[in-house]
Amino acid sequence: MSMMSIDYKRDHYLVSNVEESIANRDWEQAYDILLILKNEDFAFHTNSENGRTLMHSLCKLRFDEDRDSNGDGKVEDGALSVAMTLIEASYNVKPSSGSVDVDVDGHVHESVLTVQDSSGYSPLHHLFGNIGDAVPADLLELILEHCRDTNNSLTLERLLGIKNLNGANALHFMCGSSACSMGVLLQVVSLLMDEYSDEQTQIQTQEKSTSIHPFLDGDDDGELPIHYACYVGLEAEELKTILDVGPLRDIAQKSLFCISDARVLPIECLLSWFLDEYEEEINHYLWLSSSVEEITYEDVINCLLDSEDEDVTNEIKELIISELWPRIQVILNASVQQNAVGDSNLPIHLTVSVPTFPLTILKTAQIVSSKRHYLVRDQKGRIPLHVAASLKPVALKSSNFREEFEYVDDNDIRNILSHQPKEEEISTIQYMLEQERSAASTLTDEGRLPLHIAIESGQNFNSVINPILNIYPRGLLRQDPKTKLFAFMLATESLDTTFRLLLIDPSLCKTFTKLT
């Protein structure tokens, strides 16, 4: 038997001892054994039962029982020494037979940090999945430090892009952990996003990789990390932490308009969470289970709006107001288009500022609003219809941006999303007008009609312009005080809209001729 074979068998035995020492948090013994290992690729040795390396075993531990002076999970110096030894030993070393060879894409590993166990988990998957109540900041910072090192090919984007067997990356695990507190999420997101905000890191990342941003990378079902966060019902402040940290803000806004393979938006995942979380209360107070085969959130919200028995519905309304709406509000605030300043204190205004979202969100906003909410004015003197008439929905995209769904009208949105439209289902504008017909003739503080705003904004004729005209046809005869133009003259980008308006009232041409 060769000396190399003897060294390998001895090292394999010693690695098992290191694994046991890590499990027992005997860092001194683990470190001492690592120093006497002969084979350079010891960091890549894996457990035959689960495919985990020593780094996996270390990251699988929880570090939230003890806290340091900053309140972070305390990572003993010995643990950091073991982690550093494993990471540094894995650089520029080609794994030999008997240890892990290549990654799932057939590439030689840049580091032990990219090795995946039998479930496809990288060490970072385990670290994020077992964070608990306090982030092990020192350990995470050590990993990030190695991603910054220009002498190796490992980048943070590469590390976060590693997927398990279900296609989930480490950010899916972080966002999908209902055990994570706001402080933990804030620390992790801040640490990670500091990497992306650093100019040198961005240049390095662009040079090394052209892959999609991990926050926009879907799992095998097309669900992004933000879908996971909504499914587990992260608290409003925790959602805000994920969506509102520095350089992540623009990326997060994009993610909110990405639909899964099942055609589900992140905000709809919140509705699913609410149904699951409060199923017992919903069944108790609304008695829906006996009238429908499968209760949907739409069934709940319609029941609440239609019922006249406040004693029955108040309990569920209070749950929506206190538990669901704050979370929805965070999503809406993060989704609002830049040219539409949504007023968080006015739920209807805020909701219609994001016209891409389904009608059930507007109905939810109606529950938490005061009466006559469709005639309430915001700080700019606009009622909700004015806001809705001025905005066109953002195009929806599939996860990983493989497909884009262009918007034409509200029916397109409903067909794209998870639920199929019912025959009697109406557009958002039509619903608003059903609730308050006088909104069609209500002027802004500048004296503009919803019709003027809708036509000037290039809105769809069938789902927006025509419903307004049906209620207030006299709007065609009124000049817009801002532009001094009649409605048919405002449709500068759509000859079709101009033509349809003139067909409704051909006398407009004569009126215009007399005025000129």
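## About the model

This is a predicted model, in which local features need pLDDT of at least 70, side-chain atom pairs count only at pLDDT 80 or more, and totals for chains, interfaces and linings use all residues. Residues are numbered from 1 along each chain as its sequence is written, and side-chain values use heavy atoms, leaving out hydrogens and water.

## Overall fold

The chain has 27 helices and three strands (DSSP runs numbered from the N terminus: helices are H or I with at least four residues, strands E with at least two). Of its 516 residues, 54% are buried, where buried means under 20% relative accessible area, exposed over 50%, and partly exposed in between, with a 1.4 Å probe and protein chains only.

Take the contacts (heavy atoms within 4.5 Å) between residues at least 6 apart in sequence: 69% of them join residues at least 24 apart.

## Surface

Which helix holds Glu277? Glu277 lies in helix H14, and Glu277 is partly exposed, at a relative accessible area of 46%.

## A buried strand residue

Ser398 belongs to strand S2, residues 396-398. With a relative accessible area of 6%, Ser398 is buried. Ser398 and Leu265 are 133 residues apart in sequence, while their C-alpha atoms are 9.6 Å apart in space.
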